[in-house]
Amino acid sequence: MKSDRTFFWRKLHSISGLIPIGVFLFVHFAINYTAFYGAETYNQAAAMMGNLPFRYAMEIGIIFIPLLFHGIYGIYIAREAKNNISAYKYEKNWYFYFQRVSGILVFLFLVWHVGTTRVPAAFGAEVNFDMVASLVANPVYLFFYIVGILMTTYHFSNGFRTMLITWGITVNRKSQNFGKVIGVILFVVLSGIGLTAIFAFVA
Amino acid sequence: MTTNGKLVHLKIRRQDGPSSDSYVEEFEVPYRPSMNIISALMEIRKNPVNKDGEETTPVQWESVCLEEVCGACSMLVNGKPRQACSTLIDSLEQPIHLAPLKTFSCERDLIVNRKQMFDALMKVKAWIDIDGTHDLGPGPRMAEEDRQWAYELSKCMTCGLCFEACPNVNDRSTFIGPAPLSQVRLFNTHPTGKMQASKRLENIMTEGGITSCGNSGNCAEVCPKEIPLTHSIAALNKSTTAYSFKRFFVK
């Protein structure tokens, strides 16, 4: 009994989606959005991020380890479910099902995303406006980005809604409805920012 | 008993024993106004002849109270988990498909083994410790305000419909299910039950406990007693979270 750490790991999985991953998502989207003001602004913002102190420690501790933990443990959790949306077409069951689908798609997207940006960067490629612009010049890659952005914003927004339940913050019907409103607003706003940013790279 | 010639068409998934293969058998039974699933099954028992006119074994099912308080007659009616007693023939599209619940192992025909639910109730300590070897006297009173909503939770009859609808209750998962969690909230609200509150919380903070809930909300949708299961689970999320901090920092 004492060695059962399920509660701790599940709660850590829940909070890791917001801190640090959600916070990183906000920063990442904000930096991306600077592309809307032009290549120069974006390059300045990207350079500023690239020159942050303790960059590698932060990348590993705030981005890579939490993402890998959240993703791998998330897949383990998703495997426990026997999705039954065809028999039970209820609103929240759709959210449940889509949370698992989006999680797996985001995981695949991130493998591709890191493989096409950070990996070349590690081999000396410069992370700038042209790097992204040349990627999205390919319509297939642009499609990957659109799907990846929407899956990410859905997964985060719905995850935020369920996190409020998981931590016992929204307990009754009224507050859970309020949580849903916050989720919808997050999804719309983040999707708007994310899509505006990626289309800013399209020539 | 006049039947005016109308018939009720039933397609029933049958199974002769726990390890037999299942098959579908069709029946047509005389219609009466206000029939429920149980009375249609009783017609088959009266005259066990299938739609093709062949004599067959009567379809087996479980039922006790016939008024939706015992939870024994759970089955899939047209694919939805329902209580056979409170499901009226007049409200259904025909042919009516009957099948045993899929989450539990089938014993015979529409009878399933519901043991895992009772095991879960034992695991979460879904009872109140009362007198020991001597009379401990009356317990503390419960506030009327709490009694009113706690009474709704006490309507749970362990029928298993929430287990059936929950995507996280299955043979790949160790989840103890929504109903036993709601019972923890009920007994932790009761003034005497509260005295063992931390034990119950400990028991649901393990593998397969409260953290296995994925918030699909199906449990509350299918509950025949309209128990606010999702809100019970959210309330327990609050108490287990608070307890986990207390356990780490204080206790």
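## Strands and sheet of chain B

In this predicted model, Val77(B) has Lys80(B) of β4(B) as its bridge partner, strands being DSSP runs (E, at least two residues) and helices likewise (H or I, at least four), numbered from the N terminus. Strand β3 (residues 74-77) of chain B pairs with β4(B) in the antiparallel sense over 4 bridges, where pairing requires that DSSP finds at least two bridges between two strands.

These strands belong to an open sheet of 5 strands with mixed pairing, ordered β2-β1-β5-β3-β4 in chain B. Because β2 (22-30) and β4 (80-83) of chain B stand at the edges with a single partner strand each, one side of each is left without a neighbour in the sheet.

## Domains of chain B

The domain assignment, which is automatic or from a database, divides chain B into domain 1 (7-113) and domain 2 (115-249). Their C-alpha centres lie 31 Å apart, and the contact takes 13 residues from domain 1 of chain B and 14 residues from domain 2 of chain B, two residues being in contact if their C-beta atoms, placed from the backbone, lie within 7 Å.

## Helix α9 of chain A

The buried residues of α9(A) pack against α2 (21-33) and α8 (139-166) of chain A.

## Basis of the model

Residues are numbered from 1 along each chain as its sequence is written, and chains are lettered from A and ligands numbered from 1 in the order in which they are written. As the model is predicted, local features need pLDDT of at least 70 and side-chain atom pairs count only at pLDDT 80 or more, whereas totals for chains, interfaces and linings use all residues.
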